[in-house]
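Keep the structure in view while reading.

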Amino acid sequence: VRDITLRKKARDELLEEEETVRALLNATPDTAFLIDPSGTILEANQVFAAKLGITKKEAVGRNLFNLFPDDLAEIRREWVQSVLDSGKSFAIDEEISNTVVHHTLYPIVDPRDEVTAVAFYCRDITETVQFQKRLEESRASFETIYNSSTDAIFIHDAETGEILDVNQATVDILGYSKDELLKLGIGGASSDDPEFSQENAMKLIKKAVEEGPQYFEWQAKKKDGEVIWVADSVKAVTLAGRKRVITVGRDITEWKKAESLLKESEKRFRSLVENANDLVYTVAPHGAFTYVSPNWQEFMGEPASVAIGRNFGEYIHPDDMEACVAFQQRIISKKEKQEPIEYRARRADGSWRWQLTTGAPLFDQDGNVKETLGIARDITELKMARDALADSERRLRESQKTARIGHVEFNVETGGLLWSD
């Protein structure tokens, strides 16, 4: 009696387990079915039956291996045999005609631990595989761009500022290995200037998180001790669902050196111009003053700021306007320095002063004339003296003719004499 009771209990447990499996088969959205060791289908869900174009009832009793070509049937026999021999589940991905299916086989065992059936679950993972492939390609593209960039790129933890990753350009620029940079931490590769401390670096990261992208110049120190300038942009982003901060830095050391030299050059130029006796000015191609030296006040009787933006023609005597315009156009068209020109310029008090100006072109980076440079000298007194001399000589000649008095000139170079009329 006891033996019958145990067998009945075991049978009931097996039936209960099979019933549970059947419930699971019908609950899953995947293709699912249950087979015995010979391959006979014991149970199948609606998804499996629909794929075969039959009902669930019609599917039961068929042999699984007869539903496939010989080569695919043999593969499935091997899968089933593996589960029967090991008593363990088995999973594998299979690609057929551009469709990828993930198969999972589970053993159904009796109380004696013998496999009495195998449950099949088959899921179409084509879209998932394609997505993963695109994701991998995207990651590969990102890695290529990330490490091909000539700018240094740091990825920080948004909360702690910890350096999580750097690209190859960062390694090349600073001379540290990637591991060394990760250990140095934020601010570890900065110069010793207190302005570029770890504390200030962290403040900028927090500002990027709280206020938006930050742009600034930073002093970094390479492994060999050389200090360089970097133009940094810092932006908060979300990577893989986590808050990160990306810093992109461009080495601008040479640009900063050039900027320093340019400022020094401009300083010397301004010192020269501001202490010169002549008036220095620049004029745009359309004729407006873009710069006049401080001694404009002395020359023209008004502050230099008044002239900026005004056309030079507003200061030129009407009789000299045509010649001055032609002078400006020759500089622009010929792109070279022109012979000096004399003209009359009106001062703020309405008086006219004679000026002598030389002009030359100033070029932009493309070789086009962006402005003309003029250096003007007041020659009013010289002009008056020259005119007075000419008038004196004219009167002398006239008086000589009237008095019938001549004069003789001796050429010291030739030793010759020249008699007047």
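The structure holds 11 aromatic pairs, where rings of Phe, Tyr and Trp (its six-membered ring) pair if their centres lie within 6.5 Å, with planes under 30 degrees apart counted as stacked, over 60 as edge-to-face and the rest as tilted. Two of these pairs are listed below.

| Pair | Centre to centre | Angle between planes | Type |
|---|---|---|---|
| Phe 196 and Trp 229 | 5.8 Å | 90° | edge-to-face |
| Tyr 281 and Phe 289 | 5.6 Å | 85° | edge-to-face |

The model is predicted: local features need pLDDT of at least 70, side-chain atom pairs count only at pLDDT 80 or more, and totals for chains, interfaces and linings use all residues. Residues are numbered from 1 along each chain as its sequence is written, and side-chain values use heavy atoms, leaving out hydrogens and water.

Phe 196 lies in the loop between α7 (178-184) and α8 (198-211), while Trp 229 is 33 residues away in strand β9 (residues 227-239); helices (H or I, at least four residues) and strands (E, at least two) are DSSP runs, numbered from the N terminus. Phe 196 has 4% relative accessibility and counts as buried, whereas Trp 229, at 24%, counts as partly exposed. Buried means under 20% relative accessible area, exposed over 50%, and partly exposed in between (1.4 Å probe, protein chains only). Ring pairs join Phe 196 and Trp 229 with Phe 216 and Trp 218 in a cluster.

In the other listed pair, Tyr 281 and Phe 289 are both buried. Phe 289 is also among the residues that Ala 307 touches, contact meaning heavy atoms within 4.5 Å. Ala 307 belongs to helix α11 (residues 304-307) and is buried at 0% relative accessibility.

Technical notes: Lists of a residue's contacts leave out its neighbours within four places in sequence.
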